[in-house]
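Subject: Structure for your files, with notes

Hello,

Here is the structure I said I would pass on.

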Amino acid sequence: MEEKVKLEIYIARPPTRKCRELLAVMQQVVERHPDEVRLVVFERGVPCQEEPSASLKALLTKEGGGVKESFKGDSITISLDNWEGVFLGGASERSLSDKSTTYRFAG
């Protein structure tokens, strides 16, 4: 079995509303992909249970409106203010349900 993708988040203590929202999203990802993803939560001011990674791996799949998009890569940076994100060092695929063509972007 392949190594699980490790999602790491660093949150405030006590958690803010944004921290709780982010934690809920990450927990949904783990519930959706229990054999592929594990979540590690680091809380400010609390000793780390394990060593934080210097680099991360990211996995995201989104479906809706007849479009399926997926990304696997080195990292994803998300703004907690507006939930916009940037993927770094990976590959993205996009396919339309009514066509057999899949578009792949890498960088």
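How the values were made

This is a predicted model, in which local features need pLDDT of at least 70 and side-chain atom pairs count only at pLDDT 80 or more, while totals for chains, interfaces and linings use all residues. Residues are numbered from 1 along each chain as its sequence is written, and side-chain values use heavy atoms, with hydrogens and water left out.

Confidence

The average pLDDT (the predictor's confidence in each residue, from 0 to 100) is 81 for the protein, and 90% of the residues score at least 70. Where pLDDT is low, the predicted coordinates should not be read in detail.

Layout

The protein has 1 helix and 6 strands. Helices (H or I, at least four residues) and strands (E, at least two) are DSSP runs, numbered from the N terminus. Along the sequence the pattern reads β-α-β-β-β-β-β. Of the 107 residues, 19% count as buried; buried means under 20% relative accessible area, exposed over 50%, and partly exposed in between, with a 1.4 Å probe and protein chains only. Contact here means heavy atoms within 4.5 Å. Of the contacts between residues at least 6 apart in sequence, 41% join residues at least 24 apart.

The core

The largest nonpolar core has 8 residues: Val 5, Leu 7, Ile 9, Ile 11, Cys 19, Leu 22, Met 26 and Val 37. Such a core is a set of buried Ala, Val, Leu, Ile, Met, Phe, Trp, Tyr and Cys residues joined through side-chain atoms within 4.5 Å. Two elements, β1 (5-11) and α1 (17-32), each give two or more residues to this core. Strand β1 supplies the largest share, 4 residues.

The helix

The 16 residues of α1 should span 22 Å at 1.5 Å a residue, and the end C-alpha atoms are 23 Å apart, which agrees. The expected span is 1.5 Å times one less than the number of residues. Buried in α1 are Cys 19, Leu 22 and Met 26. Viewed down the axis of α1, the buried residues fall within an arc of 70°, so they line one face of the helix; the arc is that of the directions from the helix axis to the C-beta atoms. An α-helix has 3.6 residues a turn, so residues three or four places apart point the same way. What covers the buried residues of α1 includes β1 and β2 (37-43). Arg 17, Glu 31 and Arg 32, on the other side of α1, are exposed.

In the loop between β1 and α1 sits Pro 14. The peptide bond that joins Arg 13 and Pro 14 is cis, with omega about -5°.

Strand β2

Phe 42 belongs to strand β2 and is buried, with a relative accessible area of 8%. Leaving aside neighbours within four places in sequence, Phe 42 is in contact with several residues, including Glu 8, Ile 9, Cys 48 and Pro 52.

Glu 43 is also in β2, but counts as partly exposed at 27% relative accessibility. Residues up to four places away in sequence aside, Glu 43 touches Tyr 10, Ile 11 and Arg 13. Glu 43 and Tyr 10 are 33 residues apart along the chain, and their C-alpha atoms are separated by 5.8 Å.

Strand β5

Val 86, in strand β5 (residues 85-96), counts as partly exposed at 49% relative accessibility. Val 86 and Ile 76 are 10 residues apart in sequence and 5.6 Å apart in space, C-alpha to C-alpha.

Regards
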